[in-house]
Amino acid sequence: MIKNKININLKETLLILLMTGIILAALTIISFGAAAPNASGKITESDGVNVRSSYSTSSSIVCTLPYNSSVTITAEKYTVSGGSDKTTIWYRVSSAYGSGYIRSDLATISYVSGTSAKITKAANVRTGPGTTFPTVKKLAKGDSVKVVLAAVASGGSNWCKVNINGSYYYISASYLDLDTGSSSEPPVDVPSDNKDFESQLAEFPTSYRAALRALHQKHPTWNFKAKNVGYSWSEALEKQLSNINANLVSVSKPDAYKEVRSGTYNFTSHTYIGKDGANWVVASEDAVAFYMDPRNWLEESSIFMFEPYTYDASYQKENVVKSILKTTALPSSASAYYVSAAQQVYNGKKYSISPTYLAAKTRIELGSSDFMINGHSFTYGGKKYSGVYNTYNIGASDSADGSAATKGLVYAAGGSDGSGTSYLRPWNTLEKAVKGGAIYIANNFLDNNQYTAYLSRYNVLNGLGSVGTHQYATNIFAAATESSIMSSCYQDAGVFNEGFTFEIPVYENMPASASPEPGSGNNNNYLDSLKVYEGDTQKSLTSSFDRFTSSYKLKTSVSSSSVTIKTTTNVSDAKVTVTGNTNLSIGSNKVTVKVTSSSGKVRYYYVTVVREKTDDNAYVPEKPTNVKVQSDSNNQVTLTWNGDAKASGYRVYWKKSSTSSWSYNTVKDGTSWTKTMKYRGEIYEYKVAAYYEYKGEKLFGKESDVIKGATFGEANTLTGDLYSGYMTMKFNWDPIDGADGYRLRYKQTTSEKWNSVYVEGKTEVVKKMAYAGKEYEFKLAPYKKINGVRFISNEYSQTMIVHTLKKPTVTLKNMYTKSIEVKWTEVGGITGYKVYRSTSKSGTYTLVKTVPAETTRFLNQGRTLGKRYYYKVRAYKESIYDKTVYGPYSVVVSIKR
């Protein structure tokens, strides 16, 4: 009997090895001041283990974990009071494939050394979580223990699993104070003392660094290389999503992972349209973003999606290959084929490819099925085939009829006419399939800048135009699956601390935090009907309603100040909000219908309603013009506009750009408005409408055009100084809340023209100035950036002045007996001057005097009559960056005493 394992028709769904999910049932864990630590585990069930949405085998399956895969265990849940049978104890786990619950008898568990905690009052130490378990000892108030894991009793009370002298017991969480203890692990986002590592890290945006520092702390031999793709994250995601067939997900995934639109969803039967048989459907935008965002995979179990496929014989050995392949239907002897496939010469070209990667690719593509490797007879397109093999599913293109695997075997046979001989075809032996497929992968992917699992899934190093094309798999979690297999097998083989190098893509203008995993609910935010009523009269639309069309107009105008919108959603759990249907202005009005899916996705429909003027004495104000927004510090904004002298007042509307609902204030005097906004670091939209009060009603004119502005935290202080060379400066500042980047403005003090430098992802900049010996002014302001447009704060830091250094001009004069006067022109913004002397022009110069900045003269006494002396002078500055910066030497001058 297979324990807690999903049954999958592997012939029909060869590409399915793992199905991910994120459904979590409520498991209450007490909120400690400092969190109880996690443990690590490995799956021991050879057939794999289902992750459940709750702690019961009757709960829904949210994903499957393969044998030997790694998990993070965040808590224990006991389901039987006083019972210690491992089949009744569950682990709450997270992994690259999804999160949920597994039975504790199906995985090993390893604890960290623990987090220190104090006993707050006399406490019983028990053999399990709950008062029905025996007491083994008592601890007094103030005693210390090491907490290794959170635990939940069958009745729901919160406990902690503790390590006491090497044995594990349980103490009620209410008797422990983790705040007074200290974690056994240092914070992950603390800069390392390793300068080489920190220089690697400097190439990554800030949002990557904490995870990479955590990996470096565990594996100091690992190296991380940033691969800048050359375009923005939003551009890459948009291009990846533009080809819906390039991003598929298992139909068994939660609905939030699946796309709802024309061509992906049947709005009548409320089912998803299969793209590769019935089992693979189009992934949602959130699902694609989650799997495509590199920052979600900077952990031990997933970092190997960034390992290059190149062959390294020092650790990519046959025993590792065997470990990877042991859950497949391949014979044990097949591991030798993968090692020999690692280095081949084909058509005069030498190929090198990782045998462990090839083995992982086989395991992902074939699972435990032998359909592609048993040489069975089959018929396709009216032709019979037999004795062919395909270990990587090459040529198994997605098909709605589910024939992808059979297509792969036809490819292995050399095509339908058998004429294809490339890559050692026909693959009529397992060895030829392994080796020929390896050449195919090396030629088509490694040679095409797709040399990691991530890059073969997301083709991002060949320009924006290539994104969403030429992918090895359409399964969006293929890279995560492959990486987890590699990670587990490398650990088992004892090579986990080899000097791996990981090449991690970096996109421009990435969001501050990683793309979140899709949540609950479905993405259906479509309407089946939309009707407009004036009173009890239904108004006709100029075109029939279509759920895929967003904008509509009424055929005739209305005379009332409001209309009613009635809608029907395609699914019952979608919510509808209508705005703009009341207080209608004379003239054209836009009514907005917002439909929100149960997963939080929003769709808008718009109806243009024209209200006619029924009283000639009623005045409709003019549209406000020249609306401007000034963004200051501490979330304050000021709007100004040109208004209508006849207007009774104005209504100022605002909203966050990410929302649809407008708020407003009324301005009765003047044409300006100042407000401290609620949210910091947001883009807000603004518009203004004038109104005229007539017979108790406000008659609104047309709204102004919408403008945008940002909100920011408290203005910052800019610091800077000369840094490396007498014309190069460095500037630093603290992060400003809400900023995506910063604008450093500078100019010569004598000029009116300001220049700008834009800085993103860091709070410092080094700038070489154009001219020596000049006084420059600098000031800094934050900005938000949306779709390539910068919204810059109007409030700058204080202006600071820094000088570039120049050559002094030196003159010499013989003074009274044995003295030479050395004088020079002043250099601004310095600490002082260095005076050097020699007895020959090209000889060695000796520093004879250091002079403070306020002095431009030095009397060199004790010189020998009749002898010629040579002098040169340079300015210097003691920089705030703990270095001395020197200006250029003056021209050498001489005098005979």
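Select Ser529 and Thr568: Ser529 stands opposite Thr568 in β28. This is a predicted model, where local features need pLDDT of at least 70 and side-chain atom pairs count only at pLDDT 80 or more, while totals for chains, interfaces and linings use all residues. Residues are numbered from 1 along each chain as its sequence is written, and side-chain values use heavy atoms, with hydrogens and water left out.

Now colour the whole of β25, residues 527-534, along with β28: they pair in the antiparallel sense over six bridges. Strands count as paired if DSSP finds at least two bridges between them. The names come from DSSP runs numbered from the N terminus: helices are H or I with at least four residues, and strands are E with at least two. Strands of a sheet pair through backbone hydrogen bonds, either parallel or antiparallel.

For another pair, go to β34 (residues 649-656) and β35 (residues 663-667), which pair in the antiparallel sense over five bridges. A hairpin of six residues joins β34 to β35. Click on Val652 and look across: Asn665 in β35 stands opposite.

**On to the helices**

Show α3 (residues 233-242) and α4 (residues 285-292). Two packed helices are described by the angle between their axes and the distance between the axes. Here the angle is about 125° and the axes are 11 Å apart. Axes are lines fitted to C-alpha atoms, for helices over the stretch in contact, and angles run from 0 to 180 degrees between N-to-C directions. The two helices are therefore oblique to each other (under 35 degrees is roughly parallel, over 145 roughly antiparallel, 65 to 115 roughly perpendicular, and the rest oblique). To see who makes the contact, pick Trp233, Ala236, Leu237, Gln240 and Leu241 of α3, then Glu285, Val288, Ala289 and Met292 of α4. Contact means heavy atoms within 4.5 Å.

Stay on Glu285, which sits in helix α4. (Buried means under 20% relative accessible area, exposed over 50%, and partly exposed in between, with a 1.4 Å probe and protein chains only.) Not counting residues up to four places away in sequence, Glu285 touches Leu237, Leu241 and Glu259.

Next, highlight α2 (residues 206-218), where the buried residues include Tyr208, Arg209 and Leu212. The buried residues of α2 pack against α1 (195-201), β15 (223-232) and β24 (501-508). Then jump to α5 (residues 318-325): Val320, Val321, Ser323, Ile324 and Leu325 are buried there. The buried residues of α5 pack against α6 (335-341), α7 (355-366) and α11 (478-492).

**Into the cores**

Select Phe224, Met292, Ile303, Ile441, Val460, Ile504 and Tyr507, the residues with the most contacts inside the largest nonpolar core, which has 129 residues. A nonpolar core is a set of buried Ala, Val, Leu, Ile, Met, Phe, Trp, Tyr and Cys residues joined through side-chain atoms within 4.5 Å. Helix α9 (residues 430-444) gives the largest share of this core, eight residues. A second, separate core of 40 residues includes Tyr746, Leu812, Val851 and Tyr871.

Back at Phe224, what is in contact with this residue? Leaving aside neighbours within four places in sequence, the contacts of Phe224 include Phe197, Phe204, Leu212, Ile303 and Ile504.

**Two single stops**

Find Ile164 in strand β12 (residues 158-164). Ile164 counts as buried because its relative accessibility is 13%. Then find Ser585, in the loop between β29 (575-579) and β30 (587-596). Ser585 counts as buried because its relative accessibility is 9%.

Finally, zoom out. The protein chain has eleven helices and 55 strands, and of its 897 residues 51% count as buried.
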